[in-house]
Amino acid sequence: MTISNADTVTATLQYFVPPADGSRPYNYISWTPDSGYPRRNWETEPHELQIENIRGKEHTVSLDTTGFQYFRRAVAHKTFENDEVIEKEYYPQSIELVKELTGASRVVPFDHTIRRRRPGETEDTPQKRQPVPLVHIDQTPESATARVHRHLPAEDVPKLLAGRFQIINLWRPISRPAYDWPLALCDYRSVDRDNDLVPTTLKYPDHDGETFSVKFNPNHKWKYVRGMEPDEFVLIKCFDSRDDGQTATFTPHTAFQDPTTPPDAPLRESIELRLLVFYD
């Protein structure tokens, strides 16, 4: 496998286009072709953009400036095949890791997703998740607050919401370097939060959540680390209650087809663990 050392690649990213009828956008978290209803009520449009490979320059980004930060740390859990084992082994390891790296006082994982690319697969269900080739943000302020109510004891919620809290996605490759359909992240400082973001209903079987869809803005600055390895990971900030005009509060991100990916690169496998992160 021959690896490119290009500093920047040109790639196509898919951005959100609002519903033509002006209705509120929605999409279903799980869907199959025989579901009997449309997966979503909005479209996407492709835009060709420059994405900077910051391999060797990972120090130029951070959670509070750009909204994401890269680290290298192996974990004992390696298989990522069984959800119960992941929760028993990988969750505690990740809690301690995030506490150490952020200084948080309390970290509560609330779900994880395994993604394995399967060319030709049309189902999008919990056991068949694939890389998401769409610019998006996992949470809105409203859905982040709802997560605290949903996953923490009711008696703890008022104090937790009164302090600083975040939702962070811990993303890492599984079993092999992620040359195939890697993850691109958008520098928070290049986003126009008043015009680029559109709250979008995310329909679960038992409740509605909310994410931000992202409209195209030519000012967006995109970064990635080519060939992330299983002992490397990135913390992606999905929400931060510290909204002071200086601190990054979210991170648009997307999988993308990297034109420098070797043709014999193995298909991407990754895990993302979403965590509620609290500070005293």
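The side chains of aspartate 240 and arginine 164 are joined by a polar contact of 2.6 Å, a polar contact being a pair of N or O atoms within 3.5 Å in which, within protein, one must be able to donate a hydrogen and the other to accept it, and residues adjacent in sequence count only if both atoms are side-chain atoms. The model is predicted, so local features need pLDDT of at least 70 and side-chain atom pairs count only at pLDDT 80 or more, whereas totals for chains, interfaces and linings use all residues. Residues are numbered from 1 along each chain as its sequence is written, and side-chain values use heavy atoms, with hydrogens and water left out.

**Aspartate 240**
- Aspartate 240 lies in strand 12 (residues 232-240), strands being DSSP runs of E with at least two residues, numbered from the N terminus.
- Aspartate 240 counts as buried because its relative accessibility is 2%, buried meaning under 20% relative accessible area with a 1.4 Å probe, protein chains only.
- A polar atom of the aspartate 240 side chain lies 2.9 Å from the backbone nitrogen of arginine 242.
- Not counting residues up to four places away in sequence, aspartate 240 touches residues including Asp64, Phe165 and Thr247, where contact means heavy atoms within 4.5 Å.

**Strand 7**
- In strand 7 (residues 165-173), 9 of its 9 residues are buried; Phe165, Ile167, Asn169, Trp171 and Pro173 point one way, and Gln166, Ile168, Leu170 and Arg172 the other.
- Strand 7 pairs with strand 12 in the antiparallel sense over 6 bridges, pairing requiring at least two bridges found by DSSP, and tryptophan 171 stands opposite valine 234 in strand 12.
- Strand 7 also pairs in the antiparallel sense with strand 14 (residues 269-278), over 9 bridges, and asparagine 169 stands opposite arginine 274 in strand 14.

Technical notes:
Helices (H or I, at least four residues) and strands (E, at least two) are DSSP runs, numbered from the N terminus. Buried means under 20% relative accessible area, exposed over 50%, partly exposed in between (1.4 Å probe, protein chains only).
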